[in-house]
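Please open the model in a viewer and keep the selection tool at hand.

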Amino acid sequence: MAEVRVIARAVAREGKEGQLRSLLQGMLVPTRAEEGCISYELYESDSRGRFYFDEAWESQAALDKHTTTPHFKHLEQKIAELIEGPFEVNILKRILADAVAA
């Protein structure tokens, strides 16, 4: 199975930074315990209110299963009121050093 890498970004609404941080931190322990989770890290930017998840999953199936968990559903229910703009999720494709430039 091919490993799946994800970077997700959330930008807090003014005054909601602490609430968003707590909500996102609540994802760490249960997600790391999921079958198929290789790594799941949360970072806060030096730009106020910007948070990033750096994730690695064993497969697309493992990532898909993650989106059905109770803690992910809780995140989906609560996050809209705390963020400015969309909760941005990016599935990454590795660019190899020896790849020919197009």
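In this predicted model, begin with the largest nonpolar core, which has 22 residues. Select L20, L24, Y40, F53, W57, L75 and I79, the residues that touch the most other members of this core. Next, colour the elements that contribute two or more residues to the core: β1, α1, β2, β3, α3 (60-66) and α4. Among these, β1 gives the most, with four residues. As a general background, nonpolar side chains in soluble globular proteins tend to be buried together.

Now select helix α1, residues 17-25. Which of its residues are buried? They are E17, L20, L23 and L24. When the view is turned to look down the axis of α1, these buried residues fall within an arc of 130°, so they line one face of the helix. An α-helix has 3.6 residues a turn, so residues three or four places apart point the same way.

To see what covers the buried residues of α1, display β1 (4-11), α2 (28-32), β2 (37-44), β3 (50-57) and α4 (70-79), which are included in that cover. Then centre the view on L24: leaving aside its neighbours within four places in sequence, L24 is in contact with A10, L42, F51, F53, L75 and I79.

The last stop is the pair of strands β2 and β3. They run antiparallel to each other and pair over seven bridges. Select S39 to find one of these links: its bridge partner in β3 is A56. Finally, move to the turn of the hairpin that β2 and β3 form, with five residues between the strands. There, G49 has a positive phi of about 80°.

Definitions and conventions. Residues numbered from 1 in each chain as written. Predicted model: local features only at pLDDT ≥ 70, side-chain atom pairs only at ≥ 80, totals over all residues. Heavy atoms only, no water. Buried < 20%, exposed > 50% of the residue type's maximum accessible area, 1.4 Å probe, protein only. Arc of directions from axis to C-beta. Contact = heavy atoms within 4.5 Å. Core = buried A, V, L, I, M, F, W, Y, C linked by side-chain atoms within 4.5 Å. Pairing = 2+ DSSP bridges.
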